[in-house]
Amino acid sequence: MAPAVSSASPPDASEVASLRAAYDAAGQGHVFAHWDACDDAERSALIDQLRVIGDVARVAATFARSVADHDAGNSSKGAIEPVRADASSTDPDHAPRWRDLGLRAAAKGELAVVLLAGGQGTRLGSSDPKGMYDVGLPSGRSLFRLQAERLKKLAELAGARGSDESPTKPSADDPPPASIPLYVMTSPFTHDATVAYFESHGHFGLAPADVVFFKQGWLPCFTFDGKIIMASKSAVATAPDGNGGVYAALRENGCIADMRRRGVKHVHAYCVDNALVRPGDPTFVGFCAEMGAEAGAKVIAKAYPEEPVGVFTTRGGKVHVVEYSEMPADLAAEKDASGELKFDAANVVLHYYAFDFLARCCDETGALASELAHHVAKKKIPHCDPGGDPETQVAPKSPNGIKLEAFIFDAYAFAKGPVAFLRGVREEDFAPVKNAEGSGKDSPDTARKLVSDLHARWIERAGGRVEGDAETELIEVAADASCEGEGLERLCGGRTFARGTCVDKRESDEGEKADKRKLAEDDEGAEDAKKQKP
Ligand code: UD1
């Protein structure tokens, strides 16, 4: 991973002395082992990195806490209980009300969305940011584009709905969209390419001021006994701090302050590699808001014991996700009295935060910052020997060190108020794009088929017909026509669509405008009638 860029001037002697003292005190003085062999630029680069690391005693404490937690097997031990969802997103008696509540919150400017996009498409065989991946739908849309356009549509729907204080008239022509800021978390690997991609595509129609990019941080790598590993004589070996780095990164990059300034009350966070995700999901947001929840999750039923998804549980009265990589096989396969998987509330990274809770999670002096245990991954980490030749880098053949990763979901344990769970629908909420094309599981081919199947159902529900082979040919509905299957009757009713195409809104615009003109005339007629009343 690229360390911080070197500053031009040689480092200040008093700063170096105080850093050396701090590193010595924390038992990490070896990071200066090759200081004398470094030139000014290398020394500056090292000092820049140490500045980013900040309080080394705190980082060393995080390492110690995390390894102790790992060694105790804490992530999966300790009498975990299954979580059951409070309600279903398809409940006809409540879902429309939750959706309306979510739209109204968005219309008032109270909704923000956080997109976790620090990951690369390595498992997909691409070195680009995962979000740039074209999943192979008829339109060739990438994950970023699918998601951004759905958010744009949601902003339009919220603008058309209006808030309670200022409802929008149904006859209003082109009401302004709501402002729903999108905070995109990148990593040093994905940042520049992600920003350039959004910019070169006009932010996919989102207002540029509503798209904020912020970089997640990194942590030093450690030897098994807790010494910071040096990648070279002047560079600490580093690794991204995991998607749980979102909390520190939101604070450090001013995003929490920005949300506060905008009056955000509800935050929806999701991960980039889901081709069905609905950023800002109004039903889920409205449900959590109505529940007065501090935090919430939309979960789906786990499909099979080995499915690579974390599961929501409770432990000691606190919400706790057991990640798939840490779930013992016997617990994963355990069944309840009805024969269903006992731990089946699958985490599909659809997270809700009341703003105040999120701000607490991000607080540098808060409980999460000082108590959160990171997850331990034992890895092969190329290194320079502090006691050896400063110019030689060793490439180990077996794991020699530890990378620490924070997981976003560990924040739930810090909630003091209610945590709400909404049961979603797998076929509508989750099309993971994790593995290479053709691998048959959680790959672009399985994801685009899920999108196509859902969109075909939308068309048919709106009174249209879809022609072609459902197994081999795809159909797509562009988000400008519909982001959740809504409002397709005019466009699709009584029509037949051939697979291999993307249905978009253009064709229905004229009809919609005519409808609005008619509504406006009716409005005017009603106003005139009122005025004429004696
Ligand atoms: C993740 C979840 C898992 C869930 C599964 C569903 C976590 C820790 N795990 O697993 O519980 O069941 O998705 O698909 O959330 N990311 C960053 N920075 C990082 C690492 C990851 O931004 O340093 C982002 C990725 O871009 C991606 C998301 O976090 O959007 C999930 O990351 P990934 O490591 O691929 O998680 P999974 O193993 O799939």
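Reader: Let's start with H34. Which residue has its backbone oxygen 3.3 Å from a polar atom of the H34 side chain?
Author: First, a heads-up: this is a predicted model, where local features need pLDDT of at least 70, side-chain atom pairs count only at pLDDT 80 or more, and totals for chains, interfaces and linings use all residues. Residues are numbered from 1 along each chain as its sequence is written, and side-chain values use heavy atoms, with hydrogens and water left out. A polar contact is a pair of N or O atoms within 3.5 Å (within protein, one must be able to donate a hydrogen and the other to accept it, and residues adjacent in sequence count only if both atoms are side-chain atoms). At 3.3 Å from a polar side-chain atom of H34, the backbone oxygen belongs to P386.

Reader: Where in the chain is H203, with its positive phi?
Author: Phi of H203 is near 50 degrees, and this residue isn't a glycine. H203 is also buried, at a relative accessible area of 10%. As for its place, look in the loop between α6 (191-200) and β5 (211-215).

Reader: And which strand holds V349?
Author: V349 is another non-glycine residue with positive phi, near 55 degrees. Its relative accessible area is 14%, so V349 is buried. Its place is in strand β15 (residues 345-354).

Reader: On to the rings: how is the pair of F312 and F421 classed?
Author: Rings of Phe, Tyr and Trp (its six-membered ring) pair if their centres lie within 6.5 Å; planes under 30 degrees apart count as stacked, over 60 as edge-to-face and the rest as tilted. By this rule there are 15 aromatic pairs. For F312 and F421, the centres are 5.1 Å apart and the planes are at 70 degrees, so the pair is edge-to-face.

Reader: How many residues apart are F312 and F421?
Author: F312 is buried at 0% relative accessibility, and F421 is buried at 6%. The pair links distant parts of the chain: F312 is in strand β13 (residues 311-315) and F421 in strand β20 (residues 419-423), and they are 109 residues apart.

Reader: Which residues are linked by ring pairs into a cluster?
Author: Y197 and F204 pair up in a tilted way, with 5.6 Å from centre to centre and 55 degrees between the planes. Both Y197 and F204 are buried. The cluster linked by ring pairs is made of F144, Y197, F198, F204 and F213.

Reader: What share of the ligand's exposed area does the protein bury?
Author: The ligand is surrounded by 24 residues, and the closest are Q216, E323, Y324, N347 and K434. Oxygen atoms of the ligand lie 2.4 Å from a polar side-chain atom of Y324, 2.6 Å from a backbone N or O atom of N347, and 2.5 Å from a side-chain N or O atom of K434. Taken alone the ligand exposes 740 Å², and of that the protein buries 90%.

Definitions and conventions. Buried < 20%, exposed > 50% of the residue type's maximum accessible area, 1.4 Å probe, protein only. Helix = DSSP H or I, 4+ residues; strand = E, 2+ residues; numbered from the N terminus. Near = heavy atom within 4 Å. Areas by Shrake-Rupley, 256 points an atom, 1.4 Å probe, with all protein chains shown as cover.
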